[in-house]
Amino acid sequence: MPLVYIGLGSTLGDREQTIGAALELLAQGGDIEVATVSSLRETDPVGYEQQPRFLNGVAAIRTELEPRALLARLQEVELELGRERSGPRFGPRTIDLDLLLYGDEQIDEPELVVPHPRLTERRFVLEPLAELDSGLEVPGAGSVRAVLAGLQ
Ligand code: AMP
């Protein structure tokens, strides 16, 4: 089974608890095993400065779900946790789950791009990836370490 990396981000409420709840929901179906979770870090919101600060990390998982089915599961969990919050419908989100890397696969479809298209620009994703595996390769972009070294 390929090692798959998921980006975890939360801006609202008890962010750490929400990220933990998302990982629990993912593991509950029995077809996803959470292998390791990085430390979580606070980052400034990109683009929307009215939002509270993000808490971000990444998780390494093993799963038999193929990439599109996995993306659908991530979106289900986002919806599930999003339903629990009050506040404006299109306001800051409780949880954001991104499919960052799926083994060494490269996918370019309208609904799914892997590696995640903004992965190589985001220090708050690259650093926790390097924390879990300092030699990790981003298909098409080189090692996480080299990509980080090339960021301004
Ligand atoms: P966002 O609201 O930023 O999480 O973006 C969600 C949208 O991005 C959905 O419509 C997905 O189909 C699309 N998408 C494309 N590639 C990915 C990916 N690797 N991980 C998560 N969402 C993706």
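Reader: Is Glu 127 buried, partly exposed or exposed?
Author: In this predicted model, Glu 127 has a relative accessibility of 31%. Buried would need under 20%, and exposed over 50%. Glu 127 therefore counts as partly exposed.

Reader: Which residues are linked with Glu 127 in a network of salt bridges?
Author: Glu 127 meets Arg 41 in a salt bridge, at 3.5 Å from N to O. Glu 127 also meets Arg 123, at 3.5 Å from N to O. The network links Glu 127 with Arg 41, Arg 123 and Glu 131.

Reader: How many residues apart are Arg 41 and Glu 127?
Author: Their side chains meet in a salt bridge. Arg 41 sits in strand β3, and Glu 127 in helix α3. The pair links distant parts of the chain, with a separation of 86 residues.

Reader: What separates Glu 127 and Arg 123 along helix α3?
Author: The two residues are 4 residues apart in helix α3. The separation is therefore about one helical turn.

Reader: Is Arg 73, the partner of Asp 31, buried or exposed?
Author: Asp 31 and Arg 73 form a salt bridge, their closest N and O atoms 3.0 Å apart. Asp 31 lies in the loop between α1 and β2 and Arg 73 in helix α2, so the pair ties together parts 42 residues apart in sequence. Arg 73 has a relative accessible area of 15%. The cut-off for buried is under 20%, so Arg 73 is buried.

Reader: Are α1 and α2 parallel, perpendicular or oblique to each other?
Author: Their axes come within 10 Å and cross at roughly 135 degrees. Roughly perpendicular covers 65 to 115 degrees, and roughly antiparallel begins over 145. The helices are therefore oblique.

Terms used
Residues numbered from 1 in each chain as written. Predicted model: local features only at pLDDT ≥ 70, side-chain atom pairs only at ≥ 80, totals over all residues. Heavy atoms only, no water. Axes fitted to C-alpha atoms, helices over the stretch in contact; angles between N-to-C directions. Parallel < 35°, antiparallel > 145°, perpendicular 65-115°, else oblique. Salt bridge = Lys/Arg side-chain N within 4 Å of Asp/Glu carboxyl O. Buried < 20%, exposed > 50% of the residue type's maximum accessible area, 1.4 Å probe, protein only.
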